[in-house]
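Here are my notes on the side chains. Please read them beside the model.

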Amino acid sequence: MTPIFFKYLEFFPFVSIMFSIFFGTFFTVFKRSSIFMFLNTLLSILFNIFYFYFFNNKLCNINNFFFHFDKLSIFFSLLILFSGLVIVLFSYFCLCEKNIYISEYYLLLLLLMLGSLSLNFAKHIFIFFISVEIITLSTVGLIYFFNKSKTAIEASLKYMIFSSFVSLFILFGIGLIYFINGNLEYIHLFSNLQKYDFYEKISIFLGITMLLMGIFFKISLFPFHFIFPDVYQVSDPIYLMCFSIINKISFLSFLTYFFLCSSILQIKFFYILIYIMSVLSIFFGNFLAIFQKNLKRLLGYLSISQSGYSIIVILSLLNKFTYFLENIFLYFINYVICNICFFGSMAIIKRCNFYIKKNNIFSNIYNSYFLLSLSMFIVLFSLSGVPPTIGFINKLYIFSYSICNHFWIMSLVILISNILGMYIYFKILISICNDNKINNNLCKYDFYYIKDILGIIIFVMSICLIFFNFSFFYNFFFKILFSGFSLK
């Protein structure tokens, strides 16, 4: 007889997070305790990390109606959980100085984790829609949570209104697909395409296009990027860690499975459309970033170009590119570490008064905090694609993919965009080395040593961007995560 634990094994991550949300809400009603909510969230994330690590082989054999489990989705879920773990640690130390209700923050973070994990494993469009709504609700709350200024209220309202429109588009697209197809599993979306007449095909294509528009808005792909620089400008670095990592990774993991199972990339119209949008995102993201004077706004535009790179990496799945799995593995490892280090450094610097220029938070940190500035050097080199960082390998893969497919004009556009991106990253590097005198004695922390602990965590992670290229680390993690993986 199968024990009940193994009978419902696939539901445990969702049940454990929902239990943490319920338990945290119940406890908050009677007493607000930051340390309790911190431990509650931390234990929930650690439980899920160990769960996916020990049961990944058993999960891959489960065939559920609503959820799918394979090595790639488990890899993405581990990235989401690891990012959540680091964000929880940074949040506790950075928010303890603020006079705000931290309990509600952890509940919103748990809600975001729940929506992201369910989206990552979603096999059915119904689960996809529910997950998107959970992520949107928690995102709107988190934008306003750190910054209660009028501009933050305006940004969160804008995001909520546009998200509502996007949800309507997605819902209308789902309705069109269901009306013609009668099935909402990804794998059946194009299975009966040959049987449909011209108008039914148009309806299916329109429904899929509306669905994709909603997803592209969520990952800020060109031309659906217009609101994201505003959101970046008013957001706290801790929230930007959630927004740029957990949100985006969950939607990109969904797209990976969606592209693989629905065969949408076999249709030339969709493939060309998505590829052109990705390249334009890379170009306009880098080009518009040059004219920005506010660092957070500049990062907002750079995130648009990062979304373009991410989609091209996922598109390499179509041709079963020789090293596509290694490409995805290295790209998303690089993406998560760079974003954690970058926004983590901003969070530390923001809470210590050793900066002068408000528009460039990294100005002068070379003289005030050497370890942090060294980490930023490595991170910016990796984002620029300078060897021997992981970023260099990623850029090499992307160029190889474009050239192997004879996309010559697109390769040229990516090359020019990459040079523009390098120019921006090197401008930030120069500001780090600025030798203006600073005042390092105005740290706002009650516990000054916390800055050093967080700085060491960031430094260790940034070192991984170099050492991950060595065969020992690469083979160790890659073989554990992807042993026996095959495309379904």
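1. Is Cys-341 buried or exposed? Cys-341 is buried, at 0% relative accessible area. (Buried is under 20% relative accessible area, exposed over 50%, partly exposed in between, with a 1.4 Å probe and protein chains only.) Cys-261 is also buried, at 11%.

2. A caution on the source. This is a predicted model, so local features need pLDDT of at least 70 and side-chain atom pairs count only at pLDDT 80 or more, while totals for chains, interfaces and linings use all residues. Residues are numbered from 1 along each chain as its sequence is written, and side-chain values use heavy atoms, with hydrogens and water left out.

3. Disulfides: there are zero. (The cut-off is a pair of cysteine sulfur atoms within 2.5 Å.) For Cys-341, the closest cysteine sulfur belongs to Cys-338, 6.9 Å away, and that is too far for a bond.

4. Aromatic pairs number 37. One of them is Phe-47 with Tyr-51: centres 6.3 Å apart, planes at 25 degrees, so stacked. (Rings of Phe, Tyr and Trp, the last by its six-membered ring, pair if their centres lie within 6.5 Å; planes under 30 degrees apart are stacked, over 60 edge-to-face, the rest tilted.)

5. Both residues sit in helix H3, residues 34–59. They are four residues apart, about one helical turn. (Helices are DSSP runs of H or I, at least four residues, numbered from the N terminus.) Phe-47 is partly exposed at 37%; Tyr-51 is buried at 2%.

6. Phe-47 and Tyr-51 belong to one aromatic cluster with Phe-14, Phe-52, Phe-67, Phe-69 and Phe-121.

Key:
Helices (H or I, at least four residues) and strands (E, at least two) are DSSP runs, numbered from the N terminus.
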